[in-house]
Amino acid sequence: MKSRNNDPQGGRPKHDEPEIVVGLDIGTTKVTAVVGEVDDGIITILGVGDVPCRGLRKGVVSNIDWTVRSIRDAIEAAQQMAGVEIRTVYAGVAGSHIRCQPSDGVAAVSGGEVQKGDVDRVLEGARAIPVDADRQILHVLPREFIVDNQDGIRDPIGMSGVRLQAKVNLITAATSCVQNVIRCAERCGLTVADVVLEPLASAEAILSEDEKEIGVAIIDIGGGTTDLLLCVDGGIAHTSVIPAGGNNITSDIAAGLRTPVAEAERLKRNFGCALGRMVSDEDEVEVPGVGGHPPRRVARRVLSDIIEPRVEEIFAVVRKRIEDTGLLEQLSAGAVLTGGAVLMEGMPEFAEEILGMPVRLGYPIGIGGITQLVQGPRYATGVGLVKYGAEAIRNARRVKALQAPAHSLRSSRELEEPPRSGGGSSHAGGTRKPPPKPSGNRFWNWLRAAF
Ligand SMILES: Nc1ncnc2c1ncn2[C@@H]1O[C@H](COP(=O)(O)OP(=O)(O)OP(=O)(O)O)[C@@H](O)[C@H]1O
Ligand SMILES: [Mg+2]
């Protein structure tokens, strides 16, 4: 193994050296470790470790030892493939304990022009609300900023004003669930750089900037849970978790066809279809019996008739959740399905019918390297965690550059901002910069910077 490691705290990497970033998706059915090399914003996938896991129930760690074993195996496999030593990971968290609640904050603008420090303070104020003692804030997601009386601002930096207000969504999680994820990783000798809401990571991996901009729903149907995330106007408007997923479909098949769970899982993956009418009446499948009963041949349509009501139930709850937010009309890009369970035939068609919007399958995008290893929807969270980590490192470097002495501060800004025509700066000429034109990309970067 090469001596490279991915410990950003080690002080090794110089300002612009490539960085190894590892995403650790601890799911109900599997643990996936994705190793990416980030060089100047370009992510190259170097390796993946993907092992089954039985240590979680509905997205939450329920058996530490089993989870630790799976994490260890996944990390080991990823290290082997990537040829790097993994020390630090960005870990995902999910489950029904996740809550999303609105909040807001206000701050005086020091110096008449909004600076990053003002935004930090207003977001700090927005998170200063009472949270139950057994819960913690995971993310502060800005929905909009208001400068004096002008609302609907996405990126307030550089705007003139005396009063800055932020409307945000706070994502909170049960502290014990987050701590269990961290404990499992630490027992494998890993440092958790950050704990990230899984559907947020998936969004990083599968959405285009256009979709975030015009409104889109992400529906991640995993083994234990279905995670819903709504992006509207470039920001996160809602997230919630439905405690049902692919494992429920498997259990329904096992009970309905009286076959072992492992066989039900195999039948689902090989012959399952979410929409009964898409299946020919002639097709048959062989169903192994339980308790010594011989196998029998069953119409494939019967298998679909067992699957369909469960899938319908999941999408109906998704639809109701979206309606309850009042954002249905704002999801112009429709919905993107991800998670392993959406690989079943008929899923996008059925989702389109129930949700009444265009639906596509979500595959990780915007990466290079051995992408064929992470091409499926079930890798969206792992790849998204790498992208999230890459962005976090980029923002940390940016802050460091801003804190550097004046001459290097100027050069780092020159690197980041395109040269402005007309020359004079706000400080030199005494005039304020015009408010920057809102841009989806910049706002999305802001959102990530604020996590
Ligand atoms: N080809 C397939 N057809 C149907 N279902 C599939 C297929 N491949 C995987 N699945 C299902 O996908 C589910 C696992 O998906 P995924 O790996 O996204 O879940 P997870 O991340 O482990 O769980 P969660 O996100 O709920 O904690 C399982 O229920 C599995 O049966
Ligand atoms: Mg998952």
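Residues are numbered from 1 along each chain as its sequence is written, while chains are lettered from A and ligands numbered from 1 in the order of writing. In this predicted model, local features need pLDDT of at least 70 and side-chain atom pairs count only at pLDDT 80 or more, whereas totals for chains, interfaces and linings use all residues.

We may begin with the ligand. Around ligand 1 there are 24 residues, of which Gly-27, Thr-28, Gly-222, Gly-246 and Gly-340 come nearest; a residue counts as near if its C-beta atom, placed from the backbone, lies within 6 Å of the molecule. Helices here are DSSP runs of H or I with at least four residues, and strands are runs of E with at least two, numbered from the N terminus. The shell consists of four nonpolar, 15 polar and five charged residues, where Ala, Val, Leu, Ile, Met, Phe, Trp, Tyr, Cys and Pro are nonpolar, Asp, Glu, Lys and Arg are charged, and the others, Gly among them, are polar. Domain 1 (1-97 + 175-208 + 365-420) and domain 2 (209-362) each supply at least three residues to the shell, with domain bounds taken from an automatic or database assignment.

Next comes the hairpin formed by β13 and β14, with two residues between the strands. Strand β13 (residues 226-232) runs antiparallel to β14 and is joined to it by seven bridges; pairing requires at least two DSSP bridges. Leu-228 has Ser-240 of β14 as its bridge partner, and Asp-233 in the turn has a positive phi of about 55°. Strand β14 (residues 235-242) is largely enclosed by the rest of the structure, because seven of its eight residues are buried. Buried means 20 or more other C-beta atoms within 10 Å of a residue's own, exposed 12 or fewer, and partly exposed in between, with C-beta atoms placed from the backbone.

Finally, two loop residues deserve a look. Asp-40, between β2 (30-39) and β3 (42-52), has a positive phi of about 55° although it is not a glycine. Asp-40 is exposed, with 7 other C-beta atoms within 10 Å. Lys-58, in the loop between β4 (56-57) and β5 (60-61), has a positive phi near 45°, and is buried, with 21 other C-beta atoms within 10 Å.
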